Amino acid sequence: MGTNRTSMSEFGKAGSGGVAYSSVSDRSRRDRVRALTLATIDLKNDKFLMKNHLGQYECVLCHTLHKTEANYLAHTQGKKHLENLRLQQAREQRAAPVLPQPAKVVVKRKSSSAKIGLPSHKVTPFVDDLGQRALRFEIHFPEIEDGCQPRHRFMSAFEQRVEKPDREFQYLLFAAEPYQTIAFKLPNRRIDRSPERFQTNWDWDSLRFSLTLSFLPQETQSAGVKVDAADLD
């Protein structure tokens with residue numbers, strides 16, 4: 001009985017198919033690695049790459065020669081090149097001049113609003129339930145800036161710059177943008193600072209600010225009041 005035999009010559013030498021496949025696979029892998037490396041490294045701007053007159057690629061950082069770009073790219077991923085690159089960057093940082101840093105300047109912001117004059121006001125003198133002379137101030141700020149709340153403070157005669165200082169008087173100031181600061185000239189007497197005798201209130205609906213104060217009982221002389229424009233600085 002005949003037997004069908006297939007000559008090995010039809011397929012080449014035994015084992016040659018496996019070697020050819022392995023060679024193609026290695027070349028394909030190298031091409032993929034080269035393409036991936038080229039996508040992350042710009043050889044045109046690589047300051048360590050130089051091509052000599054023989055067409056070889058030289059790494060001036062490591063002083064090595066490479067036949068092809070692929071060989072050079074493989075070298076740049078190696079331990080020797082990466083270590084030399086780290087050392088070179090450290091040397092460049094040490095050699096770089098230390099530049100002075102800009103100082104932080106704090107700028108005091110000034111209001112951009114134009115002043116519109118003094119606010120309307122009303123001052124009412126009265127005697128409180130303890131017989132103390134008292135004053136009630138009502139200041140109307142109909143054009144006050146959004147979100148702004150009036151401020152007030154007491155100022156000695158020697159702080160103000162409008163009149164000649166007189167130790168017999170003190171000043172009570174009210175301020176709110178965009179109005180001019182309004183000042184009231186009061187006798188320089190002790191004021192009762194207890195919560196029941198010194199009260200302030202800001203009415204957001206009517207835009208009126210009120211302040212009520214009482215002079216201490218031993219201060220029995222009348223309290224004259226003078227109104228003027230002043231600075232609240």
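Buried means under 20% relative accessible area, exposed means over 50%, and partly exposed is in between (1.4 Å probe, protein chains only). With that in hand, R197 counts as buried at 15% relative accessibility.

Some notes on the model itself. This is a predicted model in which local features need pLDDT of at least 70 and side-chain atom pairs count only at pLDDT 80 or more, while totals for chains, interfaces and linings use all residues. Residues are numbered from 1 along each chain as its sequence is written, and side-chain values use heavy atoms, leaving out hydrogens and water.

**The cores**

A nonpolar core is a set of buried Ala, Val, Leu, Ile, Met, Phe, Trp, Tyr and Cys residues joined through side-chain atoms within 4.5 Å. The largest one has 21 residues, and F137, F141, L172, F174, L186, L211 and L213 touch the most other members. At least two residues of this core come from each of β5 (133-140), β7 (169-175), β8 (182-187) and β11 (208-215). Of these, β11 gives the most, with four residues. Strands here are DSSP runs of E with at least two residues, and helices are runs of H or I with at least four, numbered from the N terminus. A second, separate core has eight residues, including F48, Y57, C59 and C62.

**Helix α2**

Now look at helix α2 (residues 69-76), whose buried residues are Y72, L73, H75 and T76. They cover an arc of only 155° around the axis, which puts them on the same side of α2. This arc is that of the directions from the helix axis to the C-beta atoms.

**Salt bridges**

A salt bridge is a side-chain nitrogen of Lys or Arg within 4 Å of a carboxyl oxygen of Asp or Glu. The structure holds eight of them, including these:

| Pair | N to O distance |
|---|---|
| E92 and K47 | 3.1 Å |
| D129 and R197 | 2.6 Å |
| R153 and E159 | 2.6 Å |

D129 lies in the loop between β4 (120-127) and β5, and R197 in the loop between β9 (191-192) and β10 (199-203), so the pair ties together parts that are 68 residues apart in sequence. While R197 is buried, D129 is exposed at 66% relative accessible area. Salt bridges with shared partners join D128, D129 and R197 into one network.

What about the other two pairs in the table? K47 is exposed, with a relative accessible area of 56%, and E92 is partly exposed at 36%. R153 is partly exposed at 24%, and E159 is partly exposed at 39%.
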